[in-house]
Amino acid sequence: MATQAMKPRRKLDERYLARQRWARAGWIYGAMLALGVFFIGPFYVAFLGSLKDNPLEWPFRTTFAQVLPKNWVAAWKLGQQGAGNPWLGGFAPGANIPFEVSYFVPEGTEPTPPTVTVPERRAGAGLGAIFDEVQASRYAQVSPVEEVSRRPARIGDEAGQVVTYRFTISYPRSDPALDLPTAARLPLDVEAPRGQIFLTATLDPNRLERRGRVASWDSAAPGFFGYTFKNYVRVFREARDPNTGSSFFLRWTVNSFFVSLMAVLINLIFASLAGYALARMYLPGKGLLFALIILLMAVPQQAMFISNYLVLRDLSLLGSLWGMIVWIGIDMAKVFLMKQFFESIPREIEEAALIDGANPIATFFRIILPMATPALGALTIMTFQGIWNEFFKAAVVLSGQQGSYTLPLGLSFFRSAYGAAGDWGLMLASAFLSMIPIVILFVVFQRYFVEGVSTSALKG
Amino acid sequence: MPSSKRTEALYALLFISPFLLHLLIFFIFAFVRTIWFSFTDKTTLRDSYNFVGLQNFINLFGEERFLLALQHSIGFMLVVTTIQTFLALATAAVLNQRLHGITFFRTVYYIPSVLSSAAVTVIAIWFFQKTGFLNTFIGWVSAHSPVILTLVGIFILAQAVQVGLERMRGLPVAPTDPALATISLVVAIALTWLLGAMGLVVPREARPPEFTWLTNPDSFLGLPIPLWSIVMLNIFTTIPTLMLIFLAGLQDIPKSLYEAAAIDGASPLQQFFWVTVPMLRPVTFLVVTLSLIGTLQMFDQVALMGDSAPLNSIIVMAYYVYNSVFSGEGHIGMASAAALVLAVLTFVVVFLQRTFGISEKAH
């Protein structure tokens, strides 16, 4: 692109041209950066949203309680004090949690200590509400609220003072022999008398209710993850199978891995076998088969899934991961990929092996396949990514059997289970969690992804 | 036939038989059976069924929802294919540079295409909520429009003045001269900031968003607003793939062609239209064809939207077929007929584009 500047109608001096080249590079980098923001920006803001208590808040804030290091430290400490678990927190026997809250009291108002309660609170909407979890309110004891300090302050035009109060929440171990349960969360409500304005606390509250008078915490002993990645922890804690109580999300992750890995295995073996036969072996009617495959590639899935659904139903494979695997089977595109690769390797190698008297099966597995590692690598990654993200087949085969969902179908289930209640924190968090394996794969093997698209598309 | 040939053919058959078997059951048999079902009144619940001739097709074209789906699918295909082909080409042209770090950017841009449609759609639904990020962003831009307009205005003015001065000095600079544009940008930012600090140009106060994307009953250019949301989503996730295909095509164009054009005095824009576009014809054909097929058969994003948007405002052909099988009685006959209409539509569109649209051959 820099060349056209070299052919001006009049001679320009070298410094001018150099300046122009630099400036052009600057603008191109600027444009690329802008494009990068366009492609990645939406994920970044959605990730911020997934950390929030209310992802749909308006106006949208980029700085909020969950991203403040001050709260990370506090959540870590409180988690340790609550259950000796700085990461996930909790409320265990023997816990002793000191907590401070500060209010602004306008001049002329007498400071009054707030009312502290540990309410009974069930896990949000959706699946979590079914379970009877241990309620911290049954075991928590709140000490009397004491005033710690007063100092004069102004908010805007209003003069007054900042009053800090302290109280302790404890979990008395009445009898060491008694087996007391640990609560996962320690909900806390602190209500200030009328006129006092909430300022700060040991840990920023999750919500301010009733015009800011009640500061409310989902857990006063959350731990680092329990506070910052609250919605992510909820994905595992709240979405559980009503019958077995095991985490749906973990189950779906295992299912997704199982289906993807099985599909990879099947395609590694059978797509390369078929690709080799098409590329190198004598087979009557090869041309016809080829034409047929090309034609079938353009037929929409919708024109075939009805029969496939009935076939799988007759084999009683509906609702089973094996049903999905059988249907996925051997991908035509992968057979093409392998065929192309085998056509590119020199013929002499196999001919030498065949002259040695080895049969084609032995030749294939001992000599041909080991040479195909680069193509097999590309095939592995493309298949894994494709099946990990596969939604249509999962929706047809697995519908209704929550236990055997794969992640994409699980996300769709979450969307219908939590969407009505508007619980976006949990839905966004589950979407991001489901991406992690693909993102890791992409970061490690990005060349395969990027080159896979361009080369396979152009040759195919 | 010599026996060695026959042995080889047998081994080949053995190698290919798993693939053939799968092809036979899940593609050929499946397709033939769909054709057969489309002439029957089969449902998922009953085992017995009757031959009804063309009744399903007649019923389909009398059904409001099917006609909606057909109309949406065709509109969606035209809009998305047009926009994403242009944007993908533009992005690829920007990326086709010999600069440091270009591979990094190329990798980053590809991310939306790598992620699962399920995860991206869930995020998109959040985006399109009333107080979601899209409305927040639009609100921010409209609130800051005085500032943005001032910035752009000053930039253009500064550029025009500089180009005018240079030309008076006898230098034949282009109106888009990058070096001068950098200076103009600095001037524009400084002046806008100054005007802002003086309180002359300040952003308006942002108001809570009113516009709804997914539950909006209105239409725009014949497509419902909720479907436009899916148009945006689909363009966003497909551009990276198409961009990479274009980029591979761009890199195959010999550099000498550009050099020859430059010697003949072609400007970058002229080079783009007289060298790049014709040389990219085979790639463009591929991109447009892939795009047409992909958009006609789009399913995931509609299915994942679910009840976030009214069904009649987002239904497309692929989802219509799925929905007919899995809702109510499970009318397989109707669904098969609709699936066949979709298949025929795909073939017709690909054929039309091959004949009248961008053809495969380069000039």
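Over residues 317-337 of chain A, the chain is 67% helix and 0% strand, with its end C-alpha atoms 29 Å apart, where helices (H or I, at least four residues) and strands (E, at least two) are DSSP runs numbered from the N terminus. The model is a predicted one, in which local features need pLDDT of at least 70 and side-chain atom pairs count only at pLDDT 80 or more, while totals for chains, interfaces and linings use all residues. Residues are numbered from 1 along each chain as its sequence is written, chains are lettered from A in the order in which they are written, and side-chain values use heavy atoms, with hydrogens and water left out.

The span 317-337 is among those that UniProt, in an unreviewed entry, lists as "transmembrane region" in chain A, the others being 21-47, 257-279, 288-311, 367-388 and 424-445; such annotations may be inferred rather than shown by experiment. Residues 367-388 of chain A are 95% helix and 0% strand, and their end C-alpha atoms lie 31 Å apart. For chain B, an unreviewed UniProt entry gives "domain: ABC transmembrane type-1" at residues 70-353, a span that is 74% helix and 1% strand, with end C-alpha atoms 18 Å apart.

The contact between the two chains (heavy atoms within 4.5 Å) takes 103 residues from chain A and 114 residues from chain B. The size of an interface is often given as the accessible area lost when the parts come together. The area buried between chain B and chain A, that is, the accessible area (1.4 Å probe) lost on being put together and summed over both, is about 9600 Å², and carbon and sulfur atoms give 79% of this area. One salt bridge is counted between the chains, a salt bridge being a side-chain nitrogen of Lys or Arg within 4 Å of a carboxyl oxygen of Asp or Glu; Arg415(A) and Asp307(B) form this bridge, at 3.0 Å from N to O. On the side of chain B that touches chain A, helix H1 (residues 3-37) of chain B gives the most, with 24 residues.

Over all chains, the count comes to 20 salt bridges. Arg150(A) and Glu110(A) form a salt bridge with their closest N and O atoms 3.7 Å apart. Arg150(A) lies in strand E4 (residues 146-155) of chain A and Glu110(A) in the loop between strand E1 (96-106) and strand E2 (115-117) of chain A, so the pair ties together parts that are 40 residues apart in sequence. Arg150(A) is partly exposed, at a relative accessible area of 40%, whereas Glu110(A) is exposed at 56%, with buried meaning under 20%, exposed over 50% and partly exposed in between (1.4 Å probe, protein chains only). In another salt bridge, the closest N and O atoms of Asp189(A) and Arg121(A) are 2.9 Å apart, and both residues are buried. A network of salt bridges links Asp53(A), Arg207(A), Glu209(A), Asp218(A) and Lys230(A).

The peptide bond from Trp58(A) to Pro59(A) is cis, with omega near 0°, and Pro59(A) is found in the loop between helix H1 (14-51) and helix H2 (69-83) of chain A. Ser316(A), although not a glycine, has a positive phi of about 40°; Ser316(A) is exposed, with a relative accessible area of 62%. Leu221(B), likewise not a glycine, has a positive phi of about 55° and is exposed at 70% relative accessibility.

Definitions and conventions: Buried area is the accessible area (1.4 Å probe) that two parts lose on being put together, summed over both.
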